[in-house]
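Here are some notes to read alongside the model. Keep the 3D view open and look up each residue as you reach it.

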Amino acid sequence: MIADVLADAGARMDRAVEAAKEDFATVRTGRANPQLFQKVLVGYYGSPTPLAQLASVSNPEARTVLVTPYDKSVLKDIEQAIRDIPNLGANPTNDGNLIRVTMPELTEERRKEYVKLARSKGEDAKVHVRGIRRKSKDDLDELKSEFGEDELARAEKELDALTRAHVDAIDEALKRKEAELLEV
């Protein structure tokens with residue numbers, strides 16, 4: 001029972017760390033990266049559809065991303081969805097077959113804004129991990145009648161260590177992203 005609660009908490013925390021890393025990937029750096037477009041939703045026949053299902057995204061050059069739609073009729077919708085991405089700062093151009101997105105050079109001020117954005121995303125992820133810890137702690141407290149206090153205290157220490165390890169993993173990913181953002 002205790003092992004199940006800890007295993008569930010560990011799996012949920014792992015997913016939270018992965019989600020944080022994916023969120024960090026959507027923050028723009030000086031280089032063009034197809035992952036920037038990972039969470040873009042395009043209005044396709046009235047329903048929001050992920051860009052990856054409608055087009056291939058590649059970056060042939062350091063500051064250019066090419067979006068090649070599988071269906072040319074959705075070209076304008078994709079272009080508008082890219083234009084609507086917050087904090088991108090790029091203007092896509094459409095040549096009738098593909099969309100070329102050239103990323104402008106980042107200024108020092110803009111880099112600092114992106115670092116703040118990344119820190120905010122990191123803090124949100126850590127809050128989520130702590131929420132998982134709180135829920136798991138409540139689940140352990142419900143088991144008080146079945147297990148002794150020593151076993152529950154040991155389980156709480158394991159839960160705390162698990163939480164600390166996942167928060168440290170988020171901090172490490174954030175540190176790498178900050179270094180990437182501040183690199184000129």
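This is a predicted model: local features need pLDDT of at least 70, side-chain atom pairs count only at pLDDT 80 or more; totals for chains, interfaces and linings use all residues.

1. First, a term for reading the points below: the helices here are DSSP runs of H or I with at least four residues, numbered from the N terminus.

2. R176 and E172 form a salt bridge, and their closest N and O atoms are 3.9 Å apart. The cut-off for a salt bridge is 4 Å, so this pair counts as one. R176 is partly exposed, with a relative accessible area of 47%, and E172 is partly exposed too, at 37%.

3. R83 forms a salt bridge with E79, with the closest N and O atoms 3.2 Å apart. Both residues lie in helix 3, four residues apart, or about one turn of the helix. Are the two partners buried or exposed? R83 is partly exposed, with a relative accessible area of 36%, whereas E79 is buried, at 10%.

4. K126 forms a salt bridge with D171, and the closest N and O atoms are 2.8 Å apart. K126 is in helix 4 (residues 108-142) and D171 is in helix 5 (residues 149-182), 45 residues apart. K126 is buried, with a relative accessible area of 12%, while D171 is partly exposed, at 29%. Salt bridges that share partners join E123, K126, R130 and D171 into one network. In total, the structure holds 14 salt bridges.

5. Next, go back to helix 3, residues 75-83, and look at its buried side. The buried residues are L75, I78, E79, A81 and I82.

6. In soluble globular proteins, nonpolar side chains tend to be buried together. Here the largest nonpolar core has 21 residues, and F37, I78 and I82 have the most contacts inside it. Helix 2, strand 4, helix 3 and strand 6 each give two or more residues to this core. Helix 3 gives the most, with four residues.

7. Leaving aside neighbours within four places in sequence, I78 is in contact with V42, L51, L54, A55, V67, P69 and I99. A second, separate core of 18 residues includes A9, A16, L152 and A155.

8. One loop residue deserves a look as well. Y45 sits in the loop between strand 1 and strand 2. Its phi is near 55°, a positive value in a residue other than glycine. Y45 is exposed, with a relative accessible area of 70%.

9. Finally, compare a record with the model. An unreviewed UniProt entry lists residues 145-172 as "coiled-coil region". In the model, the chain over residues 145-172 is 86% helix and 0% strand, and the end C-alpha atoms are 39 Å apart.

How values were computed
Residues are numbered from 1 along each chain as its sequence is written. Side-chain values use heavy atoms; hydrogens and water are left out. Buried means under 20% relative accessible area, exposed over 50%, partly exposed in between (1.4 Å probe, protein chains only). A nonpolar core is a set of buried Ala, Val, Leu, Ile, Met, Phe, Trp, Tyr and Cys residues joined through side-chain atoms within 4.5 Å. Contact means heavy atoms within 4.5 Å. UniProt positions are given in the numbering used here, feature names are shortened, and annotations may be inferred rather than shown by experiment. A salt bridge is a side-chain nitrogen of Lys or Arg within 4 Å of a carboxyl oxygen of Asp or Glu.
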